[in-house]
Amino acid sequence: MTYIVAVRELCEFTAKQGDLDLRFTPAPTALEGMAGHAVAASRRGAGYRAEVALSGSYQNLQVRGRADGYDPAQQRIDEVKTFKGRLDRQPASHRHLHWAQAKVYGWLLCEQEQLAHIDVALVYLDVGTQQETVFTERCSADDLRQHFEAQCQRFMAWAEQQVAHRAARDAALTTLAFPFGGFRTGQRPLAEAVYKAAVAGRCLLAQAPTGIGKTMGTLFPLLKAAPAQRIDKVYFLAAKTSGRQMALDALARLADSVPALPLRVLELVARDKACEHPGNACHGESCPLARGFYDRLPAARAAAVATNSTGQPAPALQQARVREVALQHGVCPYYLSQELARWADVVVGDYNYYFDLGGLLHGLAQANQWRTALLVDEAHNLVERGRKMFTAELHPAALAQARSSPAAAQHAPVKKALDKVRRAWVALDKAHPAAYTVLEAFPDKLLAALQQCTTTLTEHFTDHPAEPTEHTRALQTFYFDALHLQRMAELLDTHSMVDITQAAATHHQRASKPGDSVVCIRNVVPAPFLQPRLQAAHTSTLFSATLQPARYYADLLGLPGDHVGVDVESPFAAQQLQVQVARHISTRFAHRAASLAPLAALMAQQFRARPGNYLAFFSSYDYLQQAAALFAQQHPDVPHWCQSRRMLEGEQREFLARFSTTSQGIAFAVLGGAFAEGIDLPGQRLIGAFVATLGLPQVNPVNEQIRERMHSLFGAGYDYTYLYPGLQKVVQAAGRVIRTPDDEGVVHLMDERFAQAQVQSLLPAWWQTRGRA
């Protein structure tokens, strides 16, 4: 069996050395990089060939890639690297890696063109000045062949191990059996749909009710399909920690069901959760786990994936296991996990690892031309998460802190550049004094000031790499905010809008001051950014209990035109869940005060009829607190507890711990918050829910602008902005009640609008709602 590796990956494996060094090194954006490569190619003479596809073999190793350019007239191959800042500050390890790549391409071209020698050129192009610095070395084909074979020999042992691992993995997955006695009701049709989508290489939108085992029902069929479909990687992407843990638990169950299942499972966590020395900077002079990182990486990597003495595969690389291996070998756990993503079969992580503009997993898949399979858990969350990924904001406090930083005080060019941004910001606010303004385009003068400022800051950071972190933290925060905004300004289209929100007036001031606004490029439709990522995968399944109506998610998530859908029938019977509509209550904002007494009365009546544990959901903390206060006053004998603002993880655990099999009471929570989805309270731990809201987003200037944009794009502005997102939260919250086939409970939908035909059509089909006069 042949092992295929990209030139870049081969050299990063064999030629990286020394410290992990993440001190500021200004890097061009992807667009700047592509533009720089095009500029370099345009300057070459007639007959110059850009993007030359090359491949070659060494024993069972196939190496492939694209050389940036070849000039047959000069017999010169170019490896083009775009950069910002000063080239003389480039670490020697970077230059060493670049030469290694260039010479591999040099040999592949010599072999293809039957050349005796060639000039190998490193072309460094400054994206700011467009100036080139070229380093050229004349190499004989024999020398290049020896260099190529030396890299391949260093990689061969690992490649052979990978080939053996892949063969064993695929053989085991072919015989994989479902780890339980049988499928739950509804689980089999879900699994069949995922398997068929994988075989057809399609995108699947799967709505499946809570409680049928969606995690196992998607992972199992995809792993079964992997050998025949030549799937290299499965990415399980979750919105929350609870979703990641459910995937890891399901994968552990699969591993237990097959003796010595050779499946490498890796959990990716956020940097702040994995950092061992949060007060240290990420370079060898500051952090001991960065010092000599690449020199110790091979041993750590080998230990992480090694089988034990009895031939059992290594345990799943969850956060604790990666940390254990990393500290044994003196390397950073976070960056070890990033390296291990290359060698894992299943990677479990947050949405951003694949969908973000700089997503690690997508980047690796593209560089290595992997066939990937995506599982997107609780996919209804991807709409809002996608909007946040592709939104950019500038806050006046960030600029103020940057201007008052020691770095700005000590360096006149920095202070001057920041002051220019401030003046442009003030002028913008004076021109648009309204509380909220939507602009046709991003303002030219502010954008120009930001571009000049980031250029100045780039030069400053490059020239002062040893400046203390405490001096530059605020400056770097503003710098990266500004860079992200510039990037989104380059990509601005109808999917986003530019708006200015003036600071709210306080009792100390009658109006906000110019320059105190929040300037935002606000993404409304993430589809144009998400769709290429979905299309890049061989197959993808986006699943959730609430994906209705399907066209809303297809439009906003950018599902490919040939995507398929499945709506799995619920395994639950209507008699398991009493769904009552309180037609006598209105929770509209204007009726909030009048709603409190009948809400409290209904909740107390239900509790006394069937004591137990209940969740009550409200549209805001203010509404929750008003309802809880009145409930406590009128019904002091009924235990209750409340969600508070910004609860820490420990406080959330205490809140949930009160739901026991023997406890009784009503917990007040906010719809759409931490307790409205992703929690599991089966049996007597939760027997009912009250929903005192339709969950509709607040009517405000921002949402009204989104409604207008949605109407112009899809013709259903109100539904897309308010109704569908609101009812998705309601169904998620109500879904906490019935978790297993044996559960029974009640849901009170406490608003007259739940009786409307359009609203009823968006509720789960198996619910049989009953009205109350």
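Which residue forms a salt bridge with D637? It's R608, and the closest N and O atoms of the two sit 2.9 Å apart. Keep in mind that this is a predicted model. D637 lies in the loop between helix 23 (621-634) and strand 20 (640-642), while R608 is in helix 22 (residues 592-609), so the pair ties together parts that are 29 residues apart in sequence. As for solvent, D637 has 51% relative accessibility and counts as exposed, because the cut-off for that is over 50%. R608, at 44%, counts as partly exposed.

Now for the wider picture. The count of salt bridges comes to 36, and here are three of them:

| Pair | Closest N and O atoms |
|---|---|
| E12 and R342 | 2.9 Å |
| D637 and R608 | 2.9 Å |
| R739 and D680 | 2.6 Å |

Take R739 and D680, which form a salt bridge at 2.6 Å. This pair links distant parts of the chain, 59 residues apart: R739 is in the loop between helix 26 (717-734) and strand 23 (745-749), and D680 is in the loop between strand 21 (665-670) and strand 22 (688-691). R739 is buried at 13% relative accessibility, whereas D680 is partly exposed at 46%.

Then there's E12, which pairs with R342.

Technical notes
Residues numbered from 1 in each chain as written. Predicted model: local features only at pLDDT ≥ 70, side-chain atom pairs only at ≥ 80, totals over all residues. Heavy atoms only, no water. Salt bridge = Lys/Arg side-chain N within 4 Å of Asp/Glu carboxyl O. Helix = DSSP H or I, 4+ residues; strand = E, 2+ residues; numbered from the N terminus. Buried < 20%, exposed > 50% of the residue type's maximum accessible area, 1.4 Å probe, protein only.
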